[in-house]
Amino acid sequence: MSWPTWLPLRNDLQQLTPYGAPQLASDASMNTNENPYPPSIELQKAITEAVGKVAGTLNRYPDRDALKLRAGLSLYINEGNSTEFGFENIWAANGSNEIIQSLFLAFGSGLAIGFTPSYSMHSIIAKVTGTKFINGQRNTDFTFNLDIATREIFQHSPTLTFVTTPNNPTGDVISFDDIKALAEVVKIQGGLLIVDEAYSEFSSEKSAVTLIDKNPHVVVIRTMSKAFAFAGARVGYLIADSAVVDAMLLVRLPYHLSAITQAAALVALDYRVQLLSNVEALVAARKELEKSLMKLGLTTVPSEANFILFSGFTISAPQLWAQLLEKGVLIRDVGLSSYLRVTVGNDAENKTFIKALTQIL
Ligand SMILES: Cc1ncc(COP(=O)(O)O)c(C=O)c1O
């Protein structure tokens, strides 16, 4: 893009294009790893009521530190991991993307490293906030390689080491043992180990939150966008030592999380059993989709998330993507040659996807 010469845009932003998957109308919307299940009528009513109560106070700023929400999130994490976090170990923001941004703003003075392919916003946010990001290596089958990662961490001495598990866009998990070993490496090297667990609830692997107590340099990122089916509300959070959370207060914008968002998220937390009950159905549907893809002669990367990266088709990824779109199916071209990523949809969407794919192949 060529920018007008009068626009004082930073040099390092001039070559960037805005990030974002196409938001196109489709019969099967399977491109952004959203949860296909809308909130139940009961939950919609509860959110409406909670937001209604807040509506009368919108002349006032919200709780700047989102204390109730952070306490609620700490209870949710403690429930699933036998941990003892309090609100002081949680920071919440408008999606985990804002959490990532705050981490760079607070700790991005050195280098950052991630092991790619992985969640591209880690490197994009690094760029936008002015931190150099190193693309570390994975194995050719996309699995995480602890030896390579260790070597690269010692080579580059990053301030921030990012790992994503289950990884996006590949779906594979890094074992808890590897994360533990990586935490040791980062402890020796210095800096923070950021474990992005956006898809954690879809996986049976133990969470890195259990490491934080003995490893204050480990930070875990979570979101309500995926398993909680709450992407539209924009709530992400981190779990960390209280010193990390104190640093978040330095870089957050005042009143960043609206009263409406906080009220809605508290209701979603109250309804967590209902919301998370769909996780099992999505995991079962993912397994079915994997089988269907394999029956079509395609190969899939083993996934523990709510999406599948697949390949083995003979036309190019952009061609297959476009042909699927013509049939009303929107999936994601993640820029990996000969691979496409599909998010697990509801029954109708999954059927539409497989039917369209069968016709094309
Ligand atoms: C690995 C990972 N982290 C973070 C996010 C950001 O999610 P949100 O900002 O909706 O919380 C995503 C979204 O797809 C993701 O895949």
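Author: Domain bounds here come from an automatic or database domain assignment. That assignment gives the protein chain domain 1 (21-38 + 274-360) and domain 2 (42-270). Please keep in mind that this is a predicted model, in which local features need pLDDT of at least 70, side-chain atom pairs count only at pLDDT 80 or more, and totals for chains, interfaces and linings use all residues. Residues are numbered from 1 along each chain as its sequence is written.

Let us start with the meeting place itself. The C-alpha centres of domain 1 and domain 2 lie 25 Å apart. Domain 1 brings 23 residues to the contact and domain 2 brings 21 residues; two residues are in contact if their C-beta atoms, placed from the backbone, lie within 7 Å. On the side of domain 1 that touches domain 2, the elements that give two or more residues are α9 (272-295) and β10 (307-311). These names follow DSSP runs numbered from the N terminus, with helices being H or I of at least four residues and strands being E of at least two. The largest share of that side, seven residues, comes from α9. By type, the side of domain 1 that touches domain 2 has 14 nonpolar, six polar and three charged residues. In this count Ala, Val, Leu, Ile, Met, Phe, Trp, Tyr, Cys and Pro are nonpolar, Asp, Glu, Lys and Arg are charged, and the others, Gly among them, are polar.

Now for the core. The largest nonpolar core has 96 residues, and Ala-92 and Val-220 touch the most other members. Such a core is a set of buried Ala, Val, Leu, Ile, Met, Phe, Trp, Tyr and Cys residues joined through C-beta atoms within 7 Å. Buried means that 20 or more other C-beta atoms lie within 10 Å of a residue's own; exposed means 12 or fewer, and partly exposed is in between, with C-beta atoms placed from the backbone. Helix α8 (residues 259-270) gives the most to this core, with seven residues. Both domain 1 and domain 2 give residues to this core, so it lies between them. Beyond its neighbours within four places in sequence, Ala-92 is in contact with Ala-66, Leu-69, Arg-70, Leu-73, Val-235, Tyr-237 and Leu-257.

Helix α4 (residues 120-129) buries His-122, Ser-123, Ile-125 and Ala-126. Seen down the axis of α4, these buried residues fall within an arc of 165 degrees, so they line one face of the helix; the arc is that of the directions from the helix axis to the C-beta atoms. They pack against α3 (95-107), β3 (112-115), β4 (133-136) and β5 (160-164). Just after α4, Gly-130 takes a positive phi of about 90 degrees.

Helix α10 (residues 317-326) has Ala-317, Leu-320 and Leu-324 buried. Down the axis of α10 they fall within an arc of 65 degrees, so they too line one face of the helix. The face turned away from that buried side carries the exposed residues Pro-318, Ala-322 and Glu-326. Among what covers the buried residues of α10 are β11 (329-330), β12 (339-343) and α11 (347-360).
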